[in-house]
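Subject: Structure handover

Hello,

Here is the structure for your files. My notes follow below it.

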Amino acid sequence: MKSTTRGTLAAVITCVAAAAVAASATPAAAIGTVPVPVPLDGVEKSLNVELPEIGGEIPLPTPGAPEGPRFVEGRLLPERVVPQLPVAAGLPGVGLRAPLPEVLGADFDHLGLDAPASDVRTLGPGLTLDAPLTAPNPDRFGLPDLQQPRAGVLTPVLQAVPGADLGLGKGL
């Protein structure tokens, strides 16, 4: 078998494996998170004790494309001199299953907490300016008029809808 054939075959197998992994991805992976398991199995087996199961998700921020400047009639400078930069990310998620001593009775021996990763939408601060001169005035032979210079700061935006589920039960 030629080396180019082997390379092509390896590339095809890699693509098929990547497609299989992508097809089995969880919905949390769709928002760009990395799962972080906390392995406690070895301690649990060596101590012969039931320990909590802990896992988390760390979001990956992805910058977006800023909205370009908008030209407005009657102004010399565009409306947004420094555009706002959008960044999409997520809040970290956590999953916890912990044994409880039977303080609340025999039916409540485990505690479960699920706080899935949630989307966060942000816009960085922006800046808008206007020059101290107006557009050319035909009544003044094309010379601009004077005006008060204007400056404004576009406030940053943060939007998120986090949620969590807490439960008590038998053998969660």
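The protein has 3 helices and 13 strands; these are DSSP runs numbered from the N terminus, with helices as H or I of at least four residues and strands as E of at least two. This is a predicted model: local features need pLDDT of at least 70, side-chain atom pairs count only at pLDDT 80 or more, and totals for chains, interfaces and linings use all residues. Numbering runs from 1 along each chain as its sequence is written, and side-chain values use heavy atoms, without hydrogens or water.

Overall figures next. Of the 172 residues, 16% are buried (under 20% relative accessible area; exposed is over 50%, partly exposed in between; 1.4 Å probe, protein chains only). The protein exposes about 12200 Å², with 67% supplied by carbon and sulfur atoms (Shrake-Rupley method, 1.4 Å probe). Among contacts (heavy atoms within 4.5 Å) with a separation of 6 or more, 64% join residues 24 or more positions apart.

Now the strands. Pairing requires at least two DSSP bridges between two strands. β4 (residues 86-91) and β7 (residues 118-123) pair antiparallel over 6 bridges. Val87 has Thr122 in β7 as its bridge partner. β7 also pairs antiparallel with β12 (residues 157-160), over 4 bridges. There, Val120 stands opposite Ala160.

Last, Leu146. Leu146 lies in strand β10 (residues 143-146). Leu146 counts as exposed because its relative accessibility is 74%.

Best wishes
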